[in-house]
Amino acid sequence: MNITFPEKFSDLQKLADKAVCVPGDGGLKVVWQDGQAQIEYSQKSEYFRALGWIRQWIREGKKQESRKEERSFQHLTYMVDCSRNAVPSVSFLKDLMVSMALMGYDRLMLYTEDTYEIEGRPFFGWMRGRYTRQELGELEEWGEALGIELVPCIQTLAHLNAIFRWKAFAGIHDTGDILSTGEEDTYALIEDMVRTWAETVKSRVINIGMDEAEMIGRGSYLNRYGYEDRLTIMRRHLQRVLSICEKYGFTCMMWSDMFFKMFSGEGYYSKNLQITPEQKNQIPQNVELIYWDYYSRDEATYVRMIENHKKLSDRIGFAGGAWKWNGYAPLLNHSVLASRIALPVCKRFGIGNVIVTGWGDDGGEAAQASILPVLCLYAESCYADRTDDSWLEERMHACTGESYTDFLRLDLPNLTPDNPCPGRVAVSPEKYLLYQDSLLGIYDRHVDPETYPAHFKAAARELAEAAERSENYSYLFKTLHALCRVLKLKCDLGLRIRDAYQRQDRAELSRLADRASKTAARLEEFRRKCRKQWFLENKAFGWEVLDLRLGGAKTRLESAAERLQDYANGKIDRIEELEEPRLLLDERENPGYRTLPLGDNTWKNMVSASVI
């Protein structure tokens, strides 16, 4: 093989040397006997999956084994978010692709809004860690050696907020993060995007985005051209983009939500939508519609949505989620639960293109590698039609060297006693508990002081133990261990401060000032662990945001300690923030009392009620 494996996978070259390969007419067959292997495969991704099986058998001490598999999905893809500050480094992606290859993946999709270099457009991705053509070429070559196609995933309508901070793009801005579809300069930019990828990668498949553009035609477009139906604007724009892509030999896929939203007048998952032949006629049939669903926990939703998609087009793909986009901790247990429901439905309907998405909303705070268990589950569903925990434990260990069970412990910072999974589960308690101000107490009515401190103490212990067992990714567990140590002290700090203030217990407030200072010191430990994790996985750009967030949180704790001590010592006669009432932010499920944890995920709304 024309590849030098990273050190953690150094045994793969030896495995490859022990294998005799013969042509296959479909599917994978691998026979292992007395230290030698015979592999039949029809595509390179199957060959590397066979190496994963051999690796497992050697680790288990097996002398003789065989395995025959046929994949359920034509394409198995991981989409990595490279646009929410965390831009994965080339070295990290190379390591990740080796694990993906051993699982049997054949595509890696890079979600790049503006994080790739376009010649002649210096502000496109400027200071954002954009990939150079050389870097993309290196990833392309590496993926090709592993049987993994590098697929561009770009945005050609919305989600381009990063470019609109520069005046260079003011003339093509509609509103929010949306391009103006009335300007020829818009299509010049889109052609530059498409040409760049056509000149950089061999793949002639491209995801053109087009999702979540509800305000299309409602900004500068409306002011300049007047009112026009959104569907008309969308269809005309899509045809222009498709013609550009066809010019460079690309076949296209796009996220499907905008059509469903415009047809129903409601949300993407509306139960009231009835697809008509007239609506199907409005959908170009030369683009694949990707149904994305990261939430649903019932089979009926997946069945209804795929049936409606099939009424619109014969070209349908599915994208599920590996939840790592709501703070520093993932939500793998939910991802596993939803995936086990969604994937059998995809098989039933013959969906050929299946994608796992690893988004990084609001700053890319979670570790890139935290999604490995979900990648493993999708692969085993595709090839083995088995996704039970014991099976995934064996397969993930073979492909990554890691424990599936231990990786699920990365969820612990979110799984407070009142927020269990499976069940109703919010996705970001650890985030707002970390960031919320201890004097403002915006989320205090959503905290259970009786159970939270003990939970975070126990979670810290479990994560520390998992870090000791980890073969390659101990930093993931160490980072979240440090987070739990912060939250043990901070989770109920605001409640205790306000209670002592209302009782005028100055001695207790002095003790709580010391606790705030100790929490600030632990937060600094977490920041350092988080920094190490970031630079093991990502480019430098984007870390400055987390430095500012975590540094700000630390400074506010130090400021709170000073204010409390001043009040305790009689230097000030009141603390204004503590005299404001604490309100429920959402009381739909438990009116008038503490609700279950929330699913908020916007840092600037967590830290203050003031404008940031």
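Student: What share of the chain's residues count as buried?
Tutor: Of the 612 residues, 59% count as buried. Buried means under 20% relative accessible area, exposed over 50%, and partly exposed in between (1.4 Å probe, protein chains only).

Student: Where does this model come from, and how are residues numbered?
Tutor: This is a predicted model, where local features need pLDDT of at least 70, side-chain atom pairs count only at pLDDT 80 or more, and totals for chains, interfaces and linings use all residues. Residues are numbered from 1 along each chain as its sequence is written, and side-chain values use heavy atoms, with hydrogens and water left out.

Student: How many helices and strands?
Tutor: The chain has 21 helices and twelve strands. Those are DSSP runs numbered from the N terminus: helices are H or I with at least four residues, strands are E with at least two.

Student: And what is the radius of gyration?
Tutor: The radius of gyration is 26 Å, close to the 25 Å that the globule rule gives for 612 residues, so the chain is as compact as a globular protein of that length. The radius is taken over C-alpha atoms, and the rule is 2.2 Å times the number of residues to the power 0.38.

Student: What box do the C-alpha atoms fill?
Tutor: Roughly 85 × 70 × 45 Å, taken along the principal axes.

Student: Let's do helices. How does the span of helix 2 compare with what it should be?
Tutor: Helix 2 covers residues 44-59. At 1.5 Å a residue its 16 residues should span 22 Å, and the end C-alpha atoms are 23 Å apart, which agrees. The expected span is 1.5 Å times one less than the number of residues.

Student: Is helix 2 mostly covered or mostly open, and what follows it?
Tutor: Mostly covered: 13 of its 16 residues are buried. Gly61 follows helix 2, with a positive phi near 75°.

Student: Which residues of helix 4 are buried?
Tutor: Leu136, Leu139, Glu140, Trp142, Gly143, Ala145 and Leu146. They pack against helix 2, helix 3 (90-103), strand 6, strand 7 and helix 5. Just after helix 4, Gly147 has a positive phi of about 80°.

Student: Which residues other than glycine have a positive phi?
Tutor: Asn85 is one of them, at about 85°. Asn85 sits in the loop between strand 5 (75-81) and helix 3, and is buried at 18% relative accessible area. His159 is another, with phi near 60°. His159 is in the loop between strand 7 and helix 5, and counts as buried at 10%.

Student: What does Ile163 touch?
Tutor: Not counting residues up to four places away in sequence, Ile163 touches Asp114, Phe124, Phe169 and Leu189. Ile163 is buried, at 1% relative accessibility.

Student: Switching to charges. How many salt bridges are there?
Tutor: A search of the whole structure finds 52. A salt bridge is a side-chain nitrogen of Lys or Arg within 4 Å of a carboxyl oxygen of Asp or Glu.

Student: Which residue pairs with Asp385?
Tutor: Lys347, with the closest N and O atoms 2.6 Å apart. The two are 38 residues apart: Asp385 is in the loop between helix 12 (372-383) and helix 13 (389-400), Lys347 in helix 11 (residues 332-348). Asp385 is exposed at 58%, whereas Lys347 is partly exposed at 23%.

Student: And what about Asp362?
Tutor: Asp362 bridges to Lys431, with the closest N and O atoms 2.5 Å apart. That pair is 69 residues apart in the chain. Asp362 is partly exposed at 22%, and Lys431 is buried at 0%.

Student: Last one. Which residues make the nonpolar surface patch?
Tutor: Phe123, Trp126, Met127 and Phe541 make a patch of about 380 Å². Patch residues have over 30% relative accessible area and no salt bridge; like charges are joined within 9 Å, and nonpolar side chains (Val, Leu, Ile, Met, Phe, Trp, Tyr) within 5 Å. Areas come from the Shrake-Rupley method with a 1.4 Å probe; for residues, only the protein chains shown count as cover.

Technical notes: Contact means heavy atoms within 4.5 Å.
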